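Please look over the sequence and the model shown here before reading on. The questions and answers after it take up the fold, the surface and a few residues in turn.

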Amino acid sequence: MAKNTDSHTKGRIWGLMFSAQQIGSMTGPILGSIIATFIGMKFVFIIAGLILIVISMLARQQQAKYN
């Protein structure tokens, strides 16, 4: 992301990236523990895999749109 931004907005981009990383680091374990408690440990990995597949498909779609 830093390569595609102007030099005067790089700090803002790094701040947004760090904030998103911290939110994911906080909500990931909470969501995983909720799923494991109510559904079962096996489904934590299944749901995490599905989330990653959906995110990769969305990223590929966005990349194709911009290229």
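**Helices, burial and surface**

Q: How far does α1 reach from its first C-alpha to its last?
A: α1 has 29 residues, and it is a helix in the sense of a DSSP run (H or I, at least four residues; strands are E, at least two), numbered from the N terminus. The expected span of a helix is 1.5 Å times one less than its number of residues, and for α1 this gives 42 Å. The distance in the model is close to that expectation, at 42 Å.

Q: How many helices and strands are there in the protein chain?
A: This is a predicted model, in which local features need pLDDT of at least 70 and side-chain atom pairs count only at pLDDT 80 or more, while totals for chains, interfaces and linings use all residues. Residues are numbered from 1 along each chain as its sequence is written, and side-chain values use heavy atoms, with hydrogens and water left out. On this basis the protein chain has two helices and zero strands.

Q: What is the radius of gyration of the protein chain?
A: The radius of gyration is taken over C-alpha atoms, and the globule rule is 2.2 Å times the number of residues to the power 0.38. A compact globule of 67 residues would come out near 11 Å, whereas the C-alpha atoms here fill a box of roughly 45 × 25 × 10 Å along the principal axes. The protein chain has a radius of gyration of 16 Å.

Q: Which residues of α1 are buried, and which helix is included in their cover?
A: Buried means under 20% relative accessible area, exposed over 50%, and partly exposed in between (1.4 Å probe, protein chains only). Buried residues make up 10% of the 67 residues in the protein chain, and in α1 they are Ile13, Gly32 and Ile35. What covers these buried residues, with contact meaning heavy atoms within 4.5 Å, includes α2.

Q: Why does Thr9 count as buried?
A: Thr9 lies in the segment before α1, which spans 10-38. Its C-alpha is 44 Å from that of Gly40, 31 residues away in sequence. Thr9 counts as buried because its relative accessibility is 17%.

Q: Which helix gives the most to the nonpolar patch?
A: Patches are made of residues with over 30% relative accessible area and no salt bridge, like charges being joined within 9 Å and nonpolar side chains (Val, Leu, Ile, Met, Phe, Trp, Tyr) within 5 Å; a salt bridge is a side-chain nitrogen of Lys or Arg within 4 Å of a carboxyl oxygen of Asp or Glu. The nonpolar patch has about 1,000 Å² and includes Met26, Ile30, Phe43 and Met57, with areas from the Shrake-Rupley method with a 1.4 Å probe, where only the protein chains shown count as cover for residues. Both α1 and α2 (41-66) supply at least two of its residues, but the most, five residues, come from α2.

Q: Why does Ile46 count as partly exposed?
A: Ile46 is found in helix α2, and its C-alpha is separated by 32 Å from that of Ile13, 33 residues apart along the chain. Ile46 counts as partly exposed because its relative accessibility is 38%.
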